[in-house]
Amino acid sequence: MTKFFVLYNSPVSAAEMMANATPEEMKAGMDAWMAWGQRNGDSLVDFGLPLGSSMHIEAGSASPGSSQASGYSIVQAESLDAAEKMLEDHPHLKTPGASIDVLECLPMPGT
């Protein structure tokens with residue numbers, strides 16, 4: 001099994017989505033996420049968290065980030081295609097303009 005880093009992207013920040021959601025919308029959203037998690041069982045290594053503000057760091061400088069990353073999870077699957085299948089009906093994709101990036105976690109050289 002290989003681990004995959006799942007990056008949830010949205011044009012609206014997670015903080016803004018949470019601040020503008022009614023309690024009913026928040027519960028419905030969390031119920032959908034929990035149902036997705038239950039469907040994927042042990043393949044869901046780390047449910048993850050919403051992400052907040054970011055900084056873009058380069059050699060010698062830092063500036064406010066422009067990433068649309070709004071959350072992450074870590075899953076395990078036999079292949080990238082199998083990981084993609086786990087995310088086909090993910091509730092994050094119901095957010096207008098949302099997308100998901102899936103990145104294979106490679107083994108650390110020398111370990």
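**Exercise 1. Find how exposed Met-18 is, and describe the nonpolar patch that includes Met-18.**

Step 1. Begin with the accessibility of Met-18: its relative value is 40%, so the residue counts as partly exposed. The classes are buried for under 20% relative accessible area, exposed for over 50%, and partly exposed in between, using a 1.4 Å probe and protein chains only.

Before going on, please note that this is a predicted model, in which local features need pLDDT of at least 70 and side-chain atom pairs count only at pLDDT 80 or more, while totals for chains, interfaces and linings use all residues. Residues are numbered from 1 along each chain as its sequence is written, and side-chain values use heavy atoms, with hydrogens and water left out.

Step 2. Place Met-18 in the fold: the residue belongs to helix 1 (residues 14-20). Helices (H or I, at least four residues) and strands (E, at least two) are DSSP runs, numbered from the N terminus.

Step 3. Look for its partners. Met-18, Met-26, Met-30 and Met-34 make up a nonpolar patch on the surface, and together they have about 360 Å² of accessible area. Such a patch takes residues with over 30% relative accessible area and no salt bridge, and nonpolar side chains (Val, Leu, Ile, Met, Phe, Trp, Tyr) are joined within 5 Å. The areas come from the Shrake-Rupley method with a 1.4 Å probe; for residues, only the protein chains shown count as cover.

**Exercise 2. Locate the salt bridges and say which parts of the chain they join.**

Step 1. Count them: the structure holds 3 salt bridges. The criterion is a side-chain nitrogen of Lys or Arg within 4 Å of a carboxyl oxygen of Asp or Glu.

Step 2. Start inside helix 2. Lys-27 and Asp-31 meet through their side chains at 2.8 Å, N to O. Both lie in that helix, 4 residues apart, about one turn. Lys-27 is exposed at 52% relative accessibility, and Asp-31 is partly exposed at 40%.

Step 3. Move on to Arg-39, whose side chain forms a salt bridge with that of Asp-89 (3.3 Å, N to O). Arg-39 sits in helix 2 and Asp-89 in the loop between helix 3 and strand 6 (99-104), so this pair ties together parts that are 50 residues apart in sequence. Asp-89 has a relative accessible area of 41% and is partly exposed.

Step 4. Finish with Lys-85 and Glu-88, where the closest N and O atoms of the salt bridge are 3.5 Å apart. Lys-85 counts as exposed at 53%, and Glu-88 as partly exposed at 47%.

**Exercise 3. Classify the aromatic pair of Phe-5 and Tyr-72, then that of Trp-33 and Phe-47.**

Step 1. A pair of aromatic rings is described by the distance of the centres and the angle of the planes. Rings of Phe, Tyr and Trp (its six-membered ring) pair if their centres lie within 6.5 Å; planes under 30 degrees apart are stacked, over 60 edge-to-face, and the rest tilted. A search of the whole structure finds 3 aromatic pairs.

Step 2. For Phe-5 and Tyr-72, the ring centres are 5.9 Å apart and the planes are at 5 degrees, so the pair is stacked. It links distant parts of the chain: Phe-5 is in strand 1 (residues 2-9) and Tyr-72 in strand 5 (residues 69-77), 67 residues apart. Phe-5 is partly exposed at 30%, whereas Tyr-72 is buried at 18%.

Step 3. Trp-33 and Phe-47 form a tilted pair, 6.0 Å centre to centre with 55 degrees between the planes. Trp-33 lies in helix 2 (residues 23-40) and Phe-47 in strand 2 (residues 44-50), so the pair ties together parts 14 residues apart in sequence.

Step 4. Ring pairs link Tyr-8, Trp-33 and Phe-47 into a cluster.

**Exercise 4. Decide whether Met-86 is buried or exposed, and list its contacts.**

Step 1. Met-86 lies in helix 3 and is buried, at 11% relative accessibility.

Step 2. Leaving out residues up to four places away in sequence, Met-86 touches Trp-36, Asn-40, Ser-43, Val-75, Gln-76 and Ala-77. Contact means heavy atoms within 4.5 Å.

Methods: Patches are made of residues with over 30% relative accessible area and no salt bridge: like charges are joined within 9 Å, nonpolar side chains (Val, Leu, Ile, Met, Phe, Trp, Tyr) within 5 Å.
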